[in-house]
Amino acid sequence: MFNEIKKIDVSLRSTLANVVAKETGNIFWMTNGSLFANPNKYNNAYPPAWIKTILQR
């Protein structure tokens, strides 16, 4: 049962990321604080871990 839940989780996250990227025209939308409900709370000092992985390649 855990594997099915994990598949649903990955599917939802992927869909969310793809939809927002398409709507904003920015594949790195997570780094844009103005897209969040409270931009003052958004802290861009530490980018998401996946960006670090991509940049290290």
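**Contacts, burial and a pocket**

Reply: Begin with one residue and its neighbours. Leaving out residues up to four places away in sequence, Trp29 touches Ala17, Val20, Ala21, Thr24, Leu35 and Phe36. Keep in mind that this is a predicted model.

Me: Where does Trp29 lie?

Reply: Trp29 sits in the loop between H1 and helix H2 (49-55). Its C-alpha atom is separated by 8.5 Å from that of Ala17, and the two residues are 12 apart along the chain.

Me: Is Trp29 buried or exposed?

Reply: A residue counts as buried when its relative accessible area is under 20%. Trp29 has 12%, so Trp29 is buried.

Me: Which residues does Ala21 touch?

Reply: With residues up to four places away in sequence not counted, Ala21 touches Asn26, Ile27 and Trp29. Ala21 belongs to helix H1 (residues 2-24). Ala21 counts as buried because its relative accessibility is 17%.

Me: How should I read the side of a helix?

Reply: An α-helix has 3.6 residues a turn, so residues three or four places apart point the same way. Now take the contacts of Trp29, which include Ala17, Val20, Ala21 and Thr24.

Me: What span should the 23 residues of H1 have?

Reply: At 1.5 Å a residue, H1 should span 33 Å, and its end C-alpha atoms are 33 Å apart, so the two values agree. Just after H1, Gly25 takes a positive phi of about 70°.

Me: How many helices and strands are there in the protein chain?

Reply: The protein chain has 2 helices and 0 strands. Of its 57 residues, 9% are buried. The chain exposes about 5,100 Å², and carbon and sulfur atoms supply 60% of that area.

Me: Which residues line the largest pocket?

Reply: The lining consists of Arg13, Ser14, Leu16, Ala17, Asn18, Trp29 and Met30. These divide into 4 nonpolar, 2 polar and 1 charged. The volume of the largest pocket is about 160 Å³. Trp29 and Ala17 are both in this lining, and Trp29 also touches Ala17.

How values were computed: Residues numbered from 1 in each chain as written. Predicted model: local features only at pLDDT ≥ 70, side-chain atom pairs only at ≥ 80, totals over all residues. Heavy atoms only, no water. 1 Å grid on protein atoms, 1.4 Å probe; cavity = no way out; pocket = protein on both sides within 12 Å on 5 of 7 lines; lining within 4 Å. Points joined across faces, edges and corners; volume = space filled by probe spheres on them. Nonpolar A, V, L, I, M, F, W, Y, C, P; charged D, E, K, R; others polar. Helix = DSSP H or I, 4+ residues; strand = E, 2+ residues; numbered from the N terminus. Buried < 20%, exposed > 50% of the residue type's maximum accessible area, 1.4 Å probe, protein only. Areas by Shrake-Rupley, 256 points an atom, 1.4 Å probe, with all protein chains shown as cover. Contact = heavy atoms within 4.5 Å. Expected span 1.5 Å × (residues − 1).
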